Amino acid sequence: MSSQLAKPPLLSIEGLTISLPTAEGHRAEAVRGVDLAIGRGEIVGLAGESGSGKTLTALSVLGLLPGGARSGGRIFFEERDLLASGRAARAVRGSEVAMVFQDPMTALHPMLSIGRQMTEHVRFHLHLSQHAADAVAVEMLDRVRIPNPREAMTRYPHQFSGGMRQRIAIASALAAGPKLLIADEPTTALDVTVQAGILRLIEGLRRELQLSVLLITHDLGVMSALADRVYVMYAGRVVERGARSDVLALPRHPYTRGLLDALPHGSPSDHPLRALPGSPPAIGRFPVGCAFHPRCRFAEDICRADVPDLMPVAPGRVIACPIDPLMAVPA
Amino acid sequence: MIKFRSAWYALPNLVRFLVRRLFVGALLCLGITFVSFALTQVVPGDPVSANLGDRAASDPEIVAAFRARYGLDKPIPEQYLLYVERLFHGDLGEAQQTHRPVTTDLAQYLPATIELASAAMILALVFGISLGVIAAIKRDGWPDQVIRIVSLAGVSVPTFWLALVTLYVFFFKLGIAPGVGRLNPGGKAPPAITNMFTIDSLLTGQWATFGTAVSHIVLPALVLAIYTVGSITRFTRAAMLESLNQDYVRSARAKGLPERTVILRHAMRPALAAIVTVAGMAFGRMLSGTVLVESVFSWPGIGQYAYKSALALDLRAIMGVSLVVAVIYIVVNMAVDLIYALIDPRIRLG
């Protein structure tokens with residue numbers, strides 16, 4: 001882990017802010033100063049409820065923010081600042097950074113053959129002939145364990161199951177040989193039985209292709225299966241970061257702890273599930289101070305007044321909470 | 001029976017589709033002959049007084065001869081059965097107006113209309129799709145606003161009025177457009193192959209005639225196309241806006257494809273399926289809209305022929321036109337379904 005971080009990271013997001021236009025004609029900050037780094041061959045998990053800004057953070061790496069969104073800060077990919085110009089983001093999009101989306105039912109084009117969708121960007125980025133691109137695509141389909149890949153190339157998405165489609169989407173994303181794969185809730189839309197297969201696949205591809213992965217999920221179970229390090233986001237900010245095993249074994253931020261308590265694990269009798277009270281705030285309505293304080297069992301006056309900084313609490317471990325709940329007694 | 005069923009389902013989807021649709025189409029045509037025959041019977045008016053002069057109409061002998069010649073003296077059901085029987089031999093009867101077989105008339109007038117409607121359709125597709133795509137990409141920008149006004153005007157302006165105004169402005173005032181008709185006065189028609197002058201002159205290499213034919217067709221085709229341009233533009237815009245919002249378009253962008261490819265290949269594809277359907281319906285509407293345009297531009301097409309036949313209560317001609325238009329509708333609809341299946345692999349024919 002530390003050796004991976006000692007080298008310059010593959011992707012380094014520094015002070016990223018993203019604001020969106022609101023219906024009333026104002027602007028609302030949806031991402032508020034996010035720092036995030038991914039080393040080569042590392043799988044980084046980005047967790048948080050919907051509206052926490054995790055998907056916007058990912059889309060900004062590809063320069064695919066929705067219309068009207070404005071971003072600030074820096075995103076370095078191998079020393080190139082992707083936010084500096086649209087050209088820089090376009091140059092890496094699809095060729096060096098690829099993305100897989102949540103719903104494989106809609107992410108593949110229903111009217112274009114698998115072969116077309118597997119090869120068009122490969123031809124564009126790598127300047128290959130159709131024949132050479134076909135070979136790359138078939139190999140990649142085989143790698144994600146699509147049976148009869150050559151025949152699959154001639155078929156259409158509706159002829160495959162959801163899990164197969166997600167495998168195809170991953171194969172398509174990786175066909176042009178990117179260094180970083182951004183997977184946005186890659187298993188959320190799938191059956192539980194299929195999820196494990198997709199996760200194993202991503203883990204295997206990371207090893208075989210020395211791939212870095214940014215895994216976005218609200219499901220800490222998925223996170224625990226895959227990620228080396230974990231970032232937890234709440235209301236546009238990172239509230240906890242650390243090695244996966246540390247964070248999941250001993251969450252330090254009350255929000256992370258709440259997320260974990262809401263997760264079924266172990267035997268149900270000794271650990272009753274506890275839902276986080278309330279719901280995540282909407283963009284533009286983030287509470288002042290620590291945005292989590294209205295839902296926090298440990299909240300004190302300071303939480304309502306000041307935005308907490310990210311403070312190191314252990315090697316490689318930071319949390320944004322002035323009241324380290326490990327030390328505190330619930331109010 | 002079971003043997004027949006399994007043999008039937010062993011046929012390729014496309015063949016099954018065509019056989020089924022042709023069968024249904026034939027039934028439809030038969031129904032249309034019945035309806036159009038019934039309509040000509042119930043409309044008030046008498047072919048005798050519509051076709052014969054006053055003096056002839058008052059002469060019982062001439063009237064009887066006229067009735068006998070066109071079969072009007074027989075009982076009505078027998079008239080119909082006789083008509084259907086002849087129909088199966090490709091005989092649509094004789095037109096009272098031209099004293100020629102209806103089939104001969106149709107062979108002369110129909111190609112002119114097909115030529116005009118096809119030219120209009122091509123213009124409508126080119127302009128409608130381009131404008132619709134531009135409007136969708138520049139949503140709510142000034143190009144979108146301008147295009148919205150243009151397409152609204154297109155679907156609102158009455159065709160006959162537009163025909164008169166454009167003819168007046170471009171021919172009489174500006175002198176840019178040639179006059180009415182398919183060729184210049186005294187111009188010689190190219191050898192009849194399809195009876196579409198643009199195609200025939202091309203096939204026989206008569207470039208001068210081709211130029212004249214094209215210059216004559218542009219204005220009426222534009223006028224005929226305007227309404228369809230409007231509706232195709234609006235449909236294309238809506239369909240493009242929908243598909244631009246789809247996840248798979250976002251996937252295409254995430255793959256780093258150039259924006260042109262994203263729009264023209266990924267976003268356009270599902271929009272095209274919708275456009276084909278609209279265009280199919282629009283083609284049918286053009287065939288009826290052509291009556292007015294043909295009158296203003298003296299275009300000797302089937303619209304004018306139908307109009308004159310209707311005035312004269314020319315039974316055989318009216319039924320012939322109805323049948324031909326019905327066949328065109330059926331063929332166009334079949335073509336639409338086929339193209340739709342080509343565009344969208346999820347559609348299964350048969």
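Analyst: This is a predicted model, and I would start with A:His127, which is exposed because 9 other C-beta atoms lie within 10 Å and a residue counts as exposed at 12 or fewer.

User: Where is the place of A:His127 in the chain?

Analyst: A:His127 sits in the loop between H5 and helix H6 (130-143) of chain A, and its phi is near 55°, a positive value in a residue other than glycine.

User: And what is phi for A:Glu79?

Analyst: The phi of A:Glu79 is near 75°, again a positive value in a residue other than glycine; A:Glu79 lies in the loop between S4 and S5 of chain A, and it is exposed, with 7 other C-beta atoms within 10 Å.

User: OK, in what order do the strands of that open sheet run?

Analyst: Four strands of chain A form the open sheet in the order S2-S1-S4-S5, with antiparallel pairing. Strand S2 (27-38) and strand S5 (80-81) of chain A each have a single partner strand, so they stand at the edges with one side lacking a neighbour in the sheet.

User: What packs on the sheet?

Analyst: Helix H2 (residues 54-62) of chain A does, touching strand S1 (11-21), S2 and S4 of chain A, and its direction makes about 110° with that of S1(A).

User: Switching topic, how many residues does the contact take from chain A and from chain B?

Analyst: The contact takes 22 residues from chain A and 17 residues from chain B. On the side of chain A that touches chain B, H5(A) gives the most, with four residues, and the residues of that side divide into 11 nonpolar, seven polar and four charged.

Notes
Residues numbered from 1 in each chain as written. Chains lettered and ligands numbered in written order. Predicted model: local features only at pLDDT ≥ 70, side-chain atom pairs only at ≥ 80, totals over all residues. Pairing = 2+ DSSP bridges. Helix = DSSP H or I, 4+ residues; strand = E, 2+ residues; numbered from the N terminus. Contact = placed C-beta atoms within 7 Å. Axes fitted to C-alpha atoms, helices over the stretch in contact; angles between N-to-C directions. Nonpolar A, V, L, I, M, F, W, Y, C, P; charged D, E, K, R; others polar. Buried ≥ 20, exposed ≤ 12 C-beta atoms within 10 Å, placed from the backbone.
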